[in-house]
Amino acid sequence: MLRRCPPGPPGPSSPLRRALPPAAPAVRHRLRECAARIPEAGAVLDLLEKCPEHQKKGGFPVVVFEGLDATGKTTVTQSVKDTLNGILLTSPPPCISQWRTIFDDEPAPIKRAFYAAGNYILASEIAKASTQAPVIIDRYWHSTAAYTIATEINGEVQDLPPAHDEVYQWPEDLLKPDLVLLLTVDPEERVRRLQRRGLQKTKEEAELEANCLFRQRVEESYRRMVNPACQEVDASPSKEEVLKTVLQLIKKHCAT
């Protein structure tokens, strides 16, 4: 049976700062501290160590889709990928996603280190893929940050860190996309979609369904992200209409 890791090294006083790793060295440090107790942490660390630092994207556009579960990300990303003859990537990447349930049961600093590591490993894949074709990504850093903020901060939206706080900034050493699109639907429609899918939910997805305040904190955290900011897209209309809107935004913001 895997044992829990001790909390990470002493850092800033804010629990949020401790939970959200600011850069790749902090991610590696947390995984290294846990590797002796959690073999999967060592495996993630090995993959992370193989990734060159400060990845640069290629000449093709890189577009990220964010949003709560059941907002249509899977359908839209697949449609955009097919329309643009692009490459579809997901976060966390398949090489580590089988370990999600292990890290989801760990304390926040270790859990978030896993998801942050997934972003840096994904950046290596993005760098390579974007030399070949447009890259479409189902979740990236903004998901890691938004869920961390919403989980670590209790209460209502006004209890979140103020807009322009550094927690909403993109890490300086992580490859940036050209465009981030935030898909949103009204809460009732999202729940209907979840019920139709009948898929097993993660703890945080179950929390979203049960806790209106948590959902609001996640969505507002997404909206406060900067450098790059999220462009919000209403995903309530038909999938054909949503695809049309998304393609227009990609054409406007990216050279395809």
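Predicted model: local features only at pLDDT ≥ 70, side-chain atom pairs only at ≥ 80, totals over all residues.
Trainee: Which residues of helix 3 and helix 7 meet?

Mentor: On the helix 3 side they are V44, L47 and L48, and they meet F114, A117, Y120 and I121 of helix 7. Helices (H or I, at least four residues) and strands (E, at least two) are DSSP runs, numbered from the N terminus; the protein chain has 12 helices and five strands.

Trainee: What makes up the contact of helix 3 with helix 7, by class?

Mentor: Seven nonpolar residues, no polar and no charged ones. Nonpolar covers Ala, Val, Leu, Ile, Met, Phe, Trp, Tyr, Cys and Pro, charged covers Asp, Glu, Lys and Arg, and the others, Gly among them, are polar.

Trainee: Why are helix 3 and helix 7 called roughly parallel?

Mentor: Helix 3 and helix 7 pack at about 30°, with their axes 9 Å apart. Axes are lines fitted to C-alpha atoms, for helices over the stretch in contact, and angles run from 0 to 180 degrees between N-to-C directions. Angles under 35 degrees count as roughly parallel, over 145 as roughly antiparallel, 65 to 115 as roughly perpendicular and the rest as oblique. The pair is therefore roughly parallel.

Trainee: And why is the pair of helix 2 and helix 7 named oblique?

Mentor: Their axes come within 9 Å and cross at roughly 125°, so helix 2 and helix 7 are oblique to each other. The contact is made by A24, V27, R30, L31 and C34 of helix 2 with P109, I110, A113, A116, A117 and Y120 of helix 7. Those residues divide into 10 nonpolar, no polar and one charged.

Trainee: How do helix 2 and helix 3 cross?

Mentor: At roughly 145°, with axes that come within 8 Å. V27, R28, L31, R32 and C34 of helix 2 touch A41, V44, L45, L48 and E49 of helix 3.

Trainee: What makes L20 count as buried?

Mentor: Buried means under 20% relative accessible area, exposed over 50%, partly exposed in between (1.4 Å probe, protein chains only). L20 has 9% relative accessibility, so it is buried. L20 lies in the loop between helix 1 (15-19) and helix 2. Not counting residues up to four places away in sequence, L20 touches R30, W141, T144, A145, T148 and V167. L20 and T148 are 128 residues apart in sequence, yet 6.6 Å apart in space, C-alpha to C-alpha.

Trainee: Which residues have the most contacts inside the largest nonpolar core?

Mentor: They are L31, V44, F103, I137 and Y140, in a core of 55 residues. Such a core is a set of buried Ala, Val, Leu, Ile, Met, Phe, Trp, Tyr and Cys residues joined through side-chain atoms within 4.5 Å. Helix 7 gives the most to this core, with 13 residues. Apart from it lies another core, of 17 residues, among them L181, V233, A235 and L249.

Conventions
Residues numbered from 1 in each chain as written. Heavy atoms only, no water. Contact = heavy atoms within 4.5 Å.
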